[in-house]
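Okay, thanks for coming, everyone. Let me put the structure up on the screen and walk you through a few spots in it.

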Amino acid sequence: SLPRKHTAAACGTARNAAMTSTLKPYVEAVRATIEASMCLENFASQNVERHNKPEVEVRSSEEVLLTPMHISRNAKERVLVEGSINSMRISIGIKQADEVEVILCHKFVRFLMQRAEHFVILRRKPVEGYDVSFLITNFHTEQMYKHKLVDFVIQFMEDIDKEISEMKLTLNARARICAEEFLKQFS
C-alpha cells in the first residue's frame, strides 16, 4: 500500500482530470462554433457609401446576419456567438457561485475592459446578460491568424475561472489573517 500523501495526490490528480473532462465538451463546442462562424469577408455598408461597420453591431440588414448560437454548460456558464458577413461577437457568461465571486468577477472584468485597446478584440461594454464580449471583424482575421484568435478566446475562457478562484482563495486567506489579528486583542 502507498503512503497516505501519495494516495491523496493521486485522488487530487483524478479529480482534476474529471473536472477537465467535464469542461472539455463545452470548450470544444465553443471552439467548433467560433471556427465555423469565422468565415468573415469585407462587406461595405449598404446604407452609407465608403463605410464598413461591423454588421453584428449595426444590424442594418437581416440578410447579412447569422443565427445567434447559445452554448451553455449551466445557467451561469454560457457563451453567445453572433455572426454576420463581416464580423462576429462572442459574449461569455462567467461562472459565479457566490456573492464573493460575483464581486471579484465584476472588478476583474472591469479592470480588463478599461484596458480594452491592449486586447484589440475585447469590447469595452459586454452584451447585456453576459460578463465579457469580444468583437472580431474581417480586418482582425486579415491581420491575425484565425486559429490564434480562437485559441485566445478559448484560453481566456479557461483562465478566467482559475484567476477568480485564485483571487477568492487569496481573499479568504487575508480575511482569516485579519480576523486572527483582530481576535488576539480579546485573548
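Predicted model: local features only at pLDDT ≥ 70, side-chain atom pairs only at ≥ 80, totals over all residues.

If we skip residues up to four places away in sequence, I92 touches R78, V79, Y130, D131, V132, F134, V153, F156 and M157.

Now zoom out a bit. I92 belongs to the largest nonpolar core, which has 33 residues, and together with I34 and I90 it touches the most other members. Which elements give two or more residues to this core? They are α1, residues 4–37, then β2 at 78–83, β3 at 87–93, α3 at 99–113, β4 at 132–137 and α6 at 146–183. The largest share comes from α6, with eight residues. As a general point, nonpolar side chains in soluble globular proteins tend to be buried together.

Stay with α6 and look at how it meets α3. Their axes come within 10 Å, and they cross at roughly 125°. The two helices α3 and α6 are therefore oblique to each other, and the crossing is right-handed. Who makes the contact? On the α3 side you've got V100, E101, L104, C105, F108, V109 and L112, and on the α6 side F156, I160, E163, I164, M167, K168 and L171. Sort the residues of that contact by type and you get eleven nonpolar, no polar and three charged.

Next, a charged residue. E77 sits in the loop between β1, which is 69–72, and β2. Is E77 buried or exposed? E77 counts as buried, because its relative accessibility is 5%, and the cut-off for buried is under 20%. Leaving aside neighbours within four places in sequence, E77 is in contact with Y26, S72, G93, K95 and D161.

Last stop: backbone angles. R59 is not a glycine, yet it has a positive phi of about 55°. You'll find R59 in the loop between α2, residues 55–58, and β1. With 38% relative accessibility, R59 counts as partly exposed.

Then there's V120, another residue other than glycine with a positive phi, this time near 60°. V120 is in the loop between α4, which is 116–119, and β4. Its relative accessibility is 46%, so V120 counts as partly exposed.

That's my tour. Over to you for comments.

Key:
Residues numbered from 1 in each chain as written. Heavy atoms only, no water. Core = buried A, V, L, I, M, F, W, Y, C linked by side-chain atoms within 4.5 Å. Buried < 20%, exposed > 50% of the residue type's maximum accessible area, 1.4 Å probe, protein only. Helix = DSSP H or I, 4+ residues; strand = E, 2+ residues; numbered from the N terminus. Contact = heavy atoms within 4.5 Å. Axes fitted to C-alpha atoms, helices over the stretch in contact; angles between N-to-C directions. Parallel < 35°, antiparallel > 145°, perpendicular 65-115°, else oblique. Left-handed = near helix turned anticlockwise from the far one by under 90°. Nonpolar A, V, L, I, M, F, W, Y, C, P; charged D, E, K, R; others polar.
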